[in-house]
Amino acid sequence: VAAGTRRIEAVTGAGVLENLRKADEKLAALGLVLRAKPEEVVEAAEKLTESEKKLRKQIEAQQMKRAAAEAGDLLDQAREVKGVRVVSARVEGVSRPAMRQMVDQLRTKLGSGVIALGAVADGKAALIIGVTNDLSNRLDAGKIVRQAAALMEGSGGGRKDLAEAGGKNPEKLTECVQAVPGIIEKML
């Protein structure tokens with residue numbers, strides 16, 4: 001390409017008819033998939049997209065409800081580490097936003113302590129750690145999450161009261177979550 005020179009591609013003659021035939025075949029195939037006439041394909045695709053958005057929202061709402069129910073069960077697993085209550089668990093089938101909500105609920109219900117939740121979503125490990133406000137001067141969630149994430153070949157960070165990490169090795173997530181009480185014990 002030289003300065004001031006532009007290139008264009010064009011189809012002429014029988015090539016135009018061939019391109020139109022291929023486009024018509026693709027439109028007809030799309031109509032079959034969407035169960036719509038070729039002239040109604042756009043509207044059918046819009047309806048499908050809208051339906052998919054509604055279903056995603058319903059799934060997220062169900063995950064949030066399930067996360068809230070699971071949060072109560074996790075409180076029973078709290079253990080004492082040098083006078084600090086620690087809830088450290090792996091949760092299944094929970095998205096990051098649902099995990100954040102669970103951590104917030106557990107912090108409220110726990111009163112004073114540390115919450116560490118881990119989950120695998122889309123082949124990637126996620127860890128969220130929350131520290132109640134009364135302990136944030138002694139324990140830093142960001143430091144805890146960085147040390148724990150190193151076990152699963154990940155990194156993370158955040159504030160003193162809430163931090164998140166991701167890891168490349170989801171197989172090590174359980175080990176990572178189980179290591180949190182030991183990390184906290186060393187910090188106290």
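At what angle do helix α2 and helix α3 pack, and how far apart are their axes?

Analyst: The model is a predicted one. In this model, helix α2 covers residues 41-75 and helix α3 covers residues 96-110. The two pack at an angle of about 40 degrees, and their axes are 9 Å apart. The crossing of α2 and α3 is right-handed.

The residues that meet can be listed for each helix. From α2 they are Q63, M64, A67, A68, E70, A71, G72, L74 and L75. From α3 they are P97, A98, Q101, M102, Q105, L106, K109 and L110. Sorted by kind, the residues of this contact comprise 11 nonpolar, 4 polar and 2 charged.

One residue of this contact can be followed further. L75 belongs to helix α2. L75 counts as buried because its relative accessibility is 18%, and the cut-off for buried is under 20%. With neighbours within four places in sequence left aside, L75 is in contact with R85, V87, L106, K109 and L110. L75 and L110 are 35 residues apart in sequence, yet their C-alpha atoms are 7.2 Å apart in space.

Now the surroundings. The chain has 5 helices and 6 strands. Starting at the N terminus, their order is α-α-β-β-α-β-β-α-β-β-α. K82 has a positive phi of about 50 degrees although it is not a glycine. Most residues other than glycine have a negative phi. K82 counts as exposed because its relative accessible area is 54%, and the cut-off for exposed is over 50%. E153 also has a positive phi, of about 55 degrees, and it is not a glycine either. The loop that holds E153 runs between α4 and β5, the latter being residues 154-158.

Helix α4, residues 141-150, packs with helix α5, residues 173-187, at an angle of about 135 degrees, and their axes are 9 Å apart. That angle makes α4 oblique to α5. The crossing of α4 and α5 is right-handed. On the α4 side the contact is made by K143, I144, Q147, A148 and A149, and on the α5 side by C176, V180, I183, I184 and M187. This contact has 8 nonpolar residues, 1 polar and 1 charged.

D161 lies in the loop between β5 and β6, where β6 is residues 162-167. At 17% relative accessibility, D161 counts as buried. Apart from neighbours within four places in sequence, D161 is in contact with R107, I129, G130, V131, N133 and A141.

Last, the chain as a whole. The radius of gyration is 26 Å, whereas a compact globule of 188 residues would have one near 16 Å. The C-alpha trace spans about 85 × 45 × 30 Å along its principal axes. Buried residues make up 35% of the 188 residues. Among contacts between residues at least 6 apart in sequence, 56% join residues at least 24 apart.

Conventions. Residues numbered from 1 in each chain as written. Predicted model: local features only at pLDDT ≥ 70, side-chain atom pairs only at ≥ 80, totals over all residues. Heavy atoms only, no water. Axes fitted to C-alpha atoms, helices over the stretch in contact; angles between N-to-C directions. Helix = DSSP H or I, 4+ residues; strand = E, 2+ residues; numbered from the N terminus. Parallel < 35°, antiparallel > 145°, perpendicular 65-115°, else oblique. Left-handed = near helix turned anticlockwise from the far one by under 90°. Contact = heavy atoms within 4.5 Å. Nonpolar A, V, L, I, M, F, W, Y, C, P; charged D, E, K, R; others polar. Buried < 20%, exposed > 50% of the residue type's maximum accessible area, 1.4 Å probe, protein only. Rg over C-alpha atoms; globule rule 2.2 N^0.38 Å.
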